[in-house]
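Below are my notes as numbered points, to be read with the model open beside you.

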Amino acid sequence: APEAPPPTLPSIPVTPLERTATTPALPLPVPPAPAPAPPSAPPVAPPSKPAPDPEVVAAAAARVAIRELLSRYEQALESRSLEAMRQIWPNLGGPQQAAALRREFEHATRIEVDIRDPQITVSGTSATVTFVRHYEMLVDREVQRADRSTTMTLRRTDGGWVIEQIRFGAAR
């Protein structure tokens, strides 16, 4: 037997709903509130470094400048320059010391100086430096050597540190 066709449903026209002033608006769903943030500790600032002591900073800067002066002292002797010596040692230990240094420079063919283990003490505008001065001088093809304990007294001027006095101990 032939199968019967399925029953058909009557077609119902569908029209969109129109909203009128009297039709109440449906409330929209409210989004959930964000989860509260976990409590956090207040931000911690890195520990601040204490301000450097101005005297310590000044003494460190003085030591750097004094080491430069010692280097210039070595260079002045090695270049056998009385003028360079006068720039760092204005009174040059008096006229006798200046004359003795001049003679030494004239007779030496070569001078080598090495300042060893300088100990610098700064007090305001004055300083004391103690060290061993290794001094080698070539005169008439003969090398003369001396290691002497040395104490320099320095003072700070507007132009920088200068030598006031140099005292030598016994040769070693």
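1. A definition to begin with: two strands count as paired if DSSP finds at least two bridges between them. Helices (H or I, at least four residues) and strands (E, at least two) are DSSP runs, numbered from the N terminus. With that in hand, Val129 stands opposite Met152 in β3. The strands concerned, β2 (residues 126-139) and β3 (residues 142-157), pair in the antiparallel sense over 14 bridges.

2. Some ground rules. This is a predicted model, in which local features need pLDDT of at least 70 and side-chain atom pairs count only at pLDDT 80 or more, while totals for chains, interfaces and linings use all residues. Residues are numbered from 1 along each chain as its sequence is written, and side-chain values use heavy atoms, with hydrogens and water left out.

3. Of the 172 residues, 24% count as buried (buried means under 20% relative accessible area, exposed over 50%, partly exposed in between, with a 1.4 Å probe and protein chains only). The chain exposes about 13,100 Å², and carbon and sulfur atoms supply 58% of that area (Shrake-Rupley method, 1.4 Å probe; for residues, only the protein chains shown count as cover).

4. Now the sheet. Which order do the strands take? They form an open sheet in the order β1-β2-β3-β4, with antiparallel pairing. The edges belong to β1 (108-123) and β4 (160-171); each has a single partner strand, so one side of each is left without a neighbour in the sheet. From one strand to the next, the twist averages 25°.

5. Two helices deserve a look against that sheet. Helix α1 (residues 54-78) lies across β1, β2, β3 and β4, and runs at about 165° to β1. Helix α3 (residues 94-107) lies across β1 and β2, at about 135° to β1. For these angles, axes are lines fitted to C-alpha atoms, for helices over the stretch in contact, and angles run from 0 to 180 degrees between N-to-C directions. Contact here means heavy atoms within 4.5 Å. Among contacts between residues at least 6 apart in sequence, 47% join residues at least 24 apart.

6. Ile66 lies in helix α1 and counts as buried, at 0% relative accessibility. Leaving aside neighbours within four places in sequence, Ile66 is in contact with Ile120, Val122, Ala127, Val129, Leu154 and Trp161. Ile66 and Arg156 are 90 residues apart along the chain, yet their C-alpha atoms are separated by 9.5 Å.

7. Please also look at His134, in strand β2. Is His134 buried or exposed? His134 is buried, with a relative accessible area of 15%. A polar contact of 2.4 Å joins its side chain to that of Asp147 (a polar contact is a pair of N or O atoms within 3.5 Å; within protein, one must be able to donate a hydrogen and the other to accept it, and residues adjacent in sequence count only if both atoms are side-chain atoms). Not counting residues up to four places away in sequence, His134 touches Glu112, Val113, Asp114, Arg116, Ala146 and Asp147.

8. On to the charges. Side chains of opposite charge can pair when their charged atoms come close. With a salt bridge taken as a side-chain nitrogen of Lys or Arg within 4 Å of a carboxyl oxygen of Asp or Glu, the count comes to six. In one of them, the closest N and O atoms of Glu136 and Arg110 are 3.8 Å apart. This pair links distant parts of the chain, with Glu136 in strand β2 and Arg110 in strand β1, 26 residues apart. Glu136 counts as buried at 12% relative accessibility, whereas Arg110 is partly exposed at 28%.

9. Glu136 also meets Arg145 in a salt bridge (2.9 Å, N to O), and Arg145 counts as exposed at 59% relative accessibility. Another salt bridge joins Arg155 and Glu164, with the closest N and O atoms 2.2 Å apart. Arg155 is partly exposed, with a relative accessible area of 34%, and Glu164 is partly exposed too, at 32%. Salt bridges that share partners join Arg110, Glu112, Glu136 and Arg145 into one network.
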